[in-house]
Amino acid sequence: MSKTHPKAILREREDLTDSLAVFRFELEGGIPDFEPGQFLTLGLPHPDKPGKVLWRPYSIASPPERKDLMELYVRWARRPVPGKFTTLLWPMGPGDELVYREPKGAFTIQRTRPDGSPETRRMVLVGGGTGIAPFIAYVLHLHHHGCDREIILCHGASYVEELGYRKLLQGLEEESLHGRPDWKFRYLATISRPQEERNAGWDGPTGRVETLIQPAADGGPSLAERVADERFTPENTTFYVCGFQGTVDAVMEAVRDRGFVTRKEAREDGSFDVLYESYG
Ligand SMILES: Cc1cc2nc3c(=O)[nH]c(=O)nc-3n(C[C@H](O)[C@H](O)[C@H](O)COP(=O)(O)OP(=O)(O)OC[C@H]3O[C@@H](n4cnc5c(N)ncnc54)[C@H](O)[C@@H]3O)c2cc1C
Ligand SMILES: NC(=O)c1ccc[n+]([C@@H]2O[C@H](COP(=O)([O-])OP(=O)(O)OC[C@H]3O[C@@H](n4cnc5c(N)ncnc54)[C@H](OP(=O)(O)O)[C@@H]3O)[C@@H](O)[C@H]2O)c1
């Protein structure tokens with residue numbers, strides 16, 4: 001494989017299931033500065049093109065303050081056919097080496113409005129499956145520095161054991177509920193296959209993650225709005241969405257008629273209320 005790319009050495013992995021895992025890498029040259037929400041591009045020898053590198057981007061789940069290892073949260077894409085990169089990654093263990101490209105990406109926390117004033121609106125983070133990864137970096141970073149903005153993190157997974165980072169997020173919520181003044185954080189989790197045996201005992205919300213921000217059946221406030229104790233409007237709320245394009249579309253369907261617009265549809269003055277990153 002090319003010698004011009006720096007090495008990412010796998011140091012730790014934690015398997016949540018047989019196809020979902022947290023990977024922690026040491027990066028040759030150390031962990032670079034990056035913005036929460038950016039992705040690292042990993043490379044492996046291309047299985048079909050000798051001498052070439054197969055590259056794939058992965059959202060960074062660790063915050064930039066963590067300088068020993070960089071954490072990624074990865075699904076083995078097994079269906080309908082085994083994914084090229086993740087099938088090579090999956091058997092790897094501590095000590096195995098990949099290559100990487102520096103973090104990049106624009107799915108980052110918006111701190112100012114187009115007129116230069118500070119962004120103070122609530123952040124509603126909506127992650128489907130591994131789409132929670134960039135939000136772990138957001139939340140740990142904001143928790144580290146303190147944050148006056150309210151944050152509501154919504155995570156959806158098919159199965160309870162796929163609600164990665166649940167304990168961490170419940171702990172961060174506890175801290176908020178017990179009165180740290182510069183930390184207003186709530187965590188909502190939902191399971192989309194409640195009827196399956198693997199989810200027996202789950203008594204929390206059900207449905208895909210977008211159901212947490214969709215109006216109730218009677219048109220009343222969504223679960224996230226009930227937690228916030230306020231209806232969401234473009235004046236008080238921003239959305240960040242990561243996961244399948246279907247999740248992004250469902251969120252926009254739920255909020256578009258209230259005047260929310262994405263960055264791609266920014267208003268004449270450059271303002272927008274929804275930032276998203278999707279794949280597929
Ligand atoms: C900005 C960004 C950040 C990302 N962050 C993450 C992250 O944090 N965690 C994460 O797990 N993923 C993330 N991804 C997705 C990741 O980059 C890869 O796309 C993913 O891991 C699949 O790669 P693969 O090579 O294993 O699969 P690929 O070989 O690229 O295949 C992708 C999918 O297509 C299907 N497929 C392939 N060939 C065919 C075919 N002939 N017919 C039908 N279906 C086919 C496969 O079954 C698979 O489901 C991110 C993507 C982007 C763009
Ligand atoms: N930064 C990024 O761009 C980024 C970061 C991380 C991940 N990703 C991508 O995000 C996606 C999530 O992957 P995953 O393996 O983690 O997901 P997953 O575990 O298979 O599914 C997560 C949740 O999404 C639902 N879902 C499945 N298909 C959907 C669709 N077409 N539209 C809307 N929701 C859907 C699932 O519901 P059911 O139980 O009903 O199937 C489940 O609740 C992948 O495409 C991944 O590559 C992108």
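1. Phenylalanine 135 is buried in this predicted model, because its relative accessible area is 0%; buried means under 20%, exposed over 50% and partly exposed in between, with a 1.4 Å probe and protein chains only. Phenylalanine 107 is buried too, at 2%.

2. The search of the whole structure gives 13 aromatic pairs. Rings of Phe, Tyr and Trp (its six-membered ring) pair if their centres lie within 6.5 Å; planes under 30 degrees apart are stacked, over 60 edge-to-face, and the rest tilted. Phenylalanine 23 and phenylalanine 25 are stacked, because their ring centres are 6.4 Å apart and their planes are at 15°. With phenylalanine 107 and phenylalanine 135, the centres are 5.8 Å apart and the planes at 50°, so that pair is tilted.

3. Ring pairs also join Phe23, Phe25, Trp76 and Trp90 into a cluster. Phenylalanine 23 has 0% relative accessibility, so it counts as buried.

4. Do look at arginine 198, which lies over the face of tyrosine 159, 3.6 Å from the ring centre. Arginine 101 lies over the face of tryptophan 55, at 4.0 Å. The criterion is NZ of Lys or CZ of Arg within 6 Å of the ring centre and within 35 degrees of the ring normal.

5. On conventions, residues are numbered from 1 along each chain as its sequence is written, and chains are lettered from A and ligands numbered from 1 in the order in which they are written. Local features need pLDDT of at least 70 and side-chain atom pairs 80 or more, while totals for chains, interfaces and linings use all residues, and side-chain values use heavy atoms, leaving out hydrogens and water.
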